[in-house]
Amino acid sequence: MSEFSLTRTTTPTSEAARKAALADPGFGRYYVDHQVVVDYIEGDGWQEPRVIPMSDWALHPAAAVLHYGQEIFEGLKAYRRDDDSIWLFRPDRNAARFVHSAERMAMAPLPEQLFLDSVTELVKLEKDWVPVSENEQSLYIRPFMIASEPYLGVREANTYRFAVIATPAGPYYSEPVKLWITPNYTRAAPGGTGTAKCGGNYASSLIATREAAANGCGQVLWTDGAERKWVEECGTMNIMFVTADGELLTPGLGSILAGVTRESILTLASEHGLKPVERPITIDEVLDGVASGQIPEVFACGTAAVVTPITGFNSPDRGVQQVGDGQPGVKTREIRQHLVDIQYGRADDLFGWLRQVV
Ligand SMILES: *Cc1c(COP(=O)(O)O)cnc(C)c1O
């Protein structure tokens, strides 16, 4: 366990104000009173981890992140159980992915234990900010890292800052969405940054989300960057198809983001009578399958919404197509409930996914 110095805020949120915030937290509206900060200096390594009051940072205007975009992040949640214990879901997977993202962006890899200790330290200190389990509320934790060195030449930075902040997340109703198959944009190219959780991937995706909205859809279905033929993922989530012959089908890893939710759902598939299958899938196979009934259910998955039912597609070639009867499917709802029940300790954690913090 790393040692953290603690500088307490002199202006803590009052209990009344926190209660008011937790009564309707929304998402990203309120932040806990402290943040974890760990700086890295090339040649000197990771500096003393610090817990400091939540506040603005001073950053030199030449800081490399502001110009060349060396930035990566993670997202995970802390869940409060009915007995008031607090748990994290597979944080080791986020820690490992953070190293992968750092390596792809030529940033200093943060030791996995330091990632886990930083998250644990903040959640322990701010445990009162973890909402009650009712309506699937949670504390959303955002670890991230930037290149902090002031230097305008283009090269790897020599200093980095890792930090952890957290925001209470209210009930996240997984509203069904339709997906727009964009003819104009891709999110990942062979050899590109598709497998890294980096801010740049999101910056380049926003215009496609705008295009999706203009075409009556809530999210984008991304195809591959080389042929525009293969299904990759959806918006900021991985995508899964339930087939009529009992498969849970999803694109294999390669240029997509390796979601923790994706991996977990593939593991649970057999308990729902589905055979997990990872293989390349073409857009035509999906749209033909949806039209014929071979693919009766489609859903997207990720930490924020857990599982989001996909009830339709729209594309320039084939227009609007409805999935099944346009309602969230039975397996989709079953799998979502199962995963959420594991996260809140209401279903057996057969795979040892949960880690107690408080
Ligand atoms: C974070 C993310 C996901 C989902 O990953 P989880 O670990 O399940 O939250 C999927 N796709 C993209 C592009 C992401 O950034």
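**Helix contact and selected residues**

Trainee: Which residues in α4 do P91, D92, N94, A95, A96, F98 and V99 in α3 meet?
Mentor: This is a predicted model, in which local features need pLDDT of at least 70 and side-chain atom pairs count only at pLDDT 80 or more, whereas totals for chains, interfaces and linings use all residues. Residues are numbered from 1 along each chain as its sequence is written, and side-chain values use heavy atoms, with hydrogens and water left out. Contact means heavy atoms within 4.5 Å, and the partners in α4 are E112, F115 and L116.

Trainee: How many residues of the contact of α3 with α4 are nonpolar?
Mentor: Ala, Val, Leu, Ile, Met, Phe, Trp, Tyr, Cys and Pro count as nonpolar, Asp, Glu, Lys and Arg as charged, and the others, Gly among them, as polar. On that division the contact has two charged residues and one polar residue, and the nonpolar ones number seven.

Trainee: At what angle do the axes of α3 and α4 cross?
Mentor: Helices are DSSP runs of H or I with at least four residues, and strands are runs of E with at least two, numbered from the N terminus. Axes are lines fitted to C-alpha atoms, for helices over the stretch in contact, with angles from 0 to 180 degrees between N-to-C directions. The axes of α3 (residues 91-104) and α4 (residues 112-125) come within 9 Å, and the crossing angle is roughly 130 degrees.

Trainee: Which class does that angle give α3 relative to α4?
Mentor: Angles under 35 degrees count as roughly parallel, over 145 as roughly antiparallel, 65 to 115 as roughly perpendicular and the rest as oblique. The crossing of roughly 130 degrees therefore makes α3, relative to α4, oblique.

Trainee: Is K197 buried or exposed?
Mentor: K197 lies in the loop between β10 (177-181) and α5 (199-214), and an unreviewed UniProt entry annotates K197 as "modified residue: N6-(pyridoxal phosphate)lysine", although such annotations may be inferred rather than shown by experiment. Leaving aside neighbours within four places in sequence, K197 is in contact with I72, F73, E74, G75, R97, S101, Y202 and L257. Buried means under 20% relative accessible area, exposed over 50% and partly exposed in between (1.4 Å probe, protein chains only). Because its relative accessible area is 12%, K197 is buried.

Trainee: What is the phi of N135, a residue other than glycine?
Mentor: Most residues other than glycine have a negative phi. N135 lies in the loop between α4 and β8 (138-147) and, at 46% relative accessibility, counts as partly exposed. Its phi is positive, near 60 degrees.
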